[in-house]
Every structure is written in C-alpha cells, then in structure tokens.
Amino acid sequence: MPRRTSVDIASFVHANPVPTASRIGPFLFSGVLTGRDPDTGQTPASLDEQCSNVFARVRELMAAVGGSTDDIAKMTFWLSNYRDRDALNREWVTMFPDASSRPARQAMAAQLDGGSLIHCDLVAVLNASL
C-alpha cells in the first residue's frame, strides 16, 4: 500500500488531474472545495447556496475517509467579498455548534473565477489506521 492515498468523492471531481484530498497516515489534506452544485456542476449565484454546497462536500469528504467533522483541525476559506461572512458563519455554527470544540479557521480575501464566491480547504487528523 502506498504511503500516500488519494481520496476522491463522487460529487466533486476536479477538472485537473488532482484528487479531492490526500491522506498520509492519520493526516488528511483537502484540495480546494468549491460551491458548485453537485448535480448540475454549475455554480449558484448566491453565497448562501455556495456555502451550503461547500459544507456538504466537507461532510461527504469526511465520511469517505471514515471520519467525521470532529476530526477537522483547521479550515481555510477564500471569499470574493471578504467581509460578507453571514452565510459562512451560519454554516459554521451548524457544523460546529459547540464553541469549545471548533477547528481553527482562517478567512482570506480572494479573486475567484467562474462565479465562485467561496473556496475552502481543510486539514483533519483521523484514526491512525487506514
């Protein structure tokens, strides 16, 4: 078995030859997760819809590796409108309701293409056995 394992999820396939995430031992690093609709492949116009899709991909990715959102150590978000965080915060509090057990989070301003308003990546620490 290779030391590094590529992880793909059915609802989120990159156009380039890269996996959704990569795992080495207990460490999981995702590539960028966007707000594209998993059924149509289109990017919704609203930040609310895009955030909902991003967080759905996060849940799907964590399930695909046998983990949960409790295994996430850090999430980074890139926002086209850096100060517009209401939709992000709603999804964040829904996914991580316990303020004493939330991952680290960083939000940065970004120029995104294709109608994207938000991108995300994450780092998680999973059970050490593959």
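Select Thr20 to begin: Thr20 is buried, at a relative accessible area of 0% (buried means under 20%, exposed over 50%, partly exposed in between, with a 1.4 Å probe and protein chains only). This is a predicted model, in which local features need pLDDT of at least 70 and side-chain atom pairs count only at pLDDT 80 or more, while totals for chains, interfaces and linings use all residues. Residues are numbered from 1 along each chain as its sequence is written, and side-chain values use heavy atoms, leaving out hydrogens and water.

Thr20 sits in the loop between strand E1 (4-7) and strand E2 (21-24); helices (H or I, at least four residues) and strands (E, at least two) are DSSP runs numbered from the N terminus. Leaving aside neighbours within four places in sequence, Thr20 has contacts (heavy atoms within 4.5 Å) that include Phe12, His14 and Leu61.

Next, select Phe55 and Phe77. They form a stacked aromatic pair, 5.8 Å centre to centre with 15° between the planes. Rings of Phe, Tyr and Trp (its six-membered ring) pair if their centres lie within 6.5 Å; planes under 30 degrees apart are stacked, over 60 edge-to-face, and the rest tilted. Phe55 lies in helix H1 and Phe77 in strand E5 (residues 72-79), so the pair ties together parts 22 residues apart in sequence. Phe77 is buried, with a relative accessible area of 0%.

Phe77 and Trp92 form an edge-to-face pair, 6.3 Å centre to centre with 80° between the planes. Trp92 lies in helix H2 and is buried, at 7% relative accessible area.
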